[in-house]
Amino acid sequence: AMAKGYVFARENTQMSLKAQVTLAKIAREIESNHIATYTLKSADDTAVSYTRDDPSVVHTIALAGAEIRLDGITLVNSLDSLVFNYYDCCNAKLETPVIAANLLRIRRVDICLRLRGADGIVSEMTNTVKVQEAYY
């Protein structure tokens, strides 16, 4: 029983670390600070598309089955859910999918992911990303 408990604890710790790394990567990707050409292209509850340095290259972070993918590359699997919520400058939640006219109004993105670890234990983690106002 003790060995089984150790294995569950180890697997859940690994799952938690995976979730933390994934959240940090997503936040870094969609953060607009210091990127003059950053533009949100689409935003819904399980995917976000944007450009960063090169406005001709659109990047996408999306839920695909039980995986989070960045431009088709798996960041993490064993996912229970991924939810993006978008807010304007007054902290009013924007309806998803965010219509094109409202993409420039997004000032905050809340990311929530849930991972299923050993023995069905679910870890939920959230992160908030500020999106700077575009001046163009």
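Analyst: Gladly! Keep in mind that this is a predicted model. Let's begin with a hairpin: strand 1 and strand 2 form one, with two residues between them.

User: In which sense do strand 1 and strand 2 pair, and over how many bridges?

Analyst: Strand 1 (residues 39-44) and strand 2 (residues 47-51) pair in the antiparallel sense, over five bridges.

User: Which strands does strand 6 pair with?

Analyst: Strand 6 pairs with strand 8 in the antiparallel sense over eight bridges, and Leu79 has Leu115 in strand 8 as its bridge partner. Strand 6 also pairs with strand 7 (residues 93-94), again antiparallel, over two bridges. There, Tyr86 is bridged to Leu94 of strand 7. Five residues lie between the strands of the hairpin of strand 6 and strand 7, where Asn91 takes a positive phi near 65 degrees.

User: How should I read the nonpolar core?

Analyst: The general idea is that nonpolar side chains tend to be buried together in soluble globular proteins. Here the largest nonpolar core has 30 residues, and those with the most contacts inside it are Ile30, Ile61, Phe84, Tyr86, Ile106 and Ile111. The elements that give two or more residues to this core are helix 1 (2-30), strand 1, strand 2, strand 4 (67-70), strand 6 (79-87), strand 8 (108-116) and strand 9 (122-130). Helix 1 contributes the largest share, six residues.

User: Which residues does Ile106 touch, leaving out those up to four places away in sequence?

Analyst: Ile106 touches Leu40, Ala43, Tyr86, Tyr87, Leu94, Val98 and Val131.

User: Are Phe84 and Tyr86 buried or exposed?

Analyst: Phe84 has a relative accessible area of 0%, so Phe84 counts as buried. Tyr86 is buried too, because its relative accessible area is also 0%.

User: How many aromatic pairs does the structure hold?

Analyst: It holds one. Phe84 and Tyr86 form this pair, with 6.3 Å centre to centre and 20 degrees between the planes, and the pair is stacked.

User: And what sits over the ring of Tyr87?

Analyst: That is the charged end of Arg108, 3.8 Å from the centre of the Tyr87 ring. Tyr87 is also among the residues that Ile106 touches.

Conventions:
Residues numbered from 1 in each chain as written. Predicted model: local features only at pLDDT ≥ 70, side-chain atom pairs only at ≥ 80, totals over all residues. Heavy atoms only, no water. Pairing = 2+ DSSP bridges. Helix = DSSP H or I, 4+ residues; strand = E, 2+ residues; numbered from the N terminus. Core = buried A, V, L, I, M, F, W, Y, C linked by side-chain atoms within 4.5 Å. Buried < 20%, exposed > 50% of the residue type's maximum accessible area, 1.4 Å probe, protein only. Contact = heavy atoms within 4.5 Å. Phe/Tyr/Trp six-rings, centres within 6.5 Å; stacked < 30°, edge-to-face > 60°. Lys NZ or Arg CZ within 6 Å of the ring centre and 35° of its normal.
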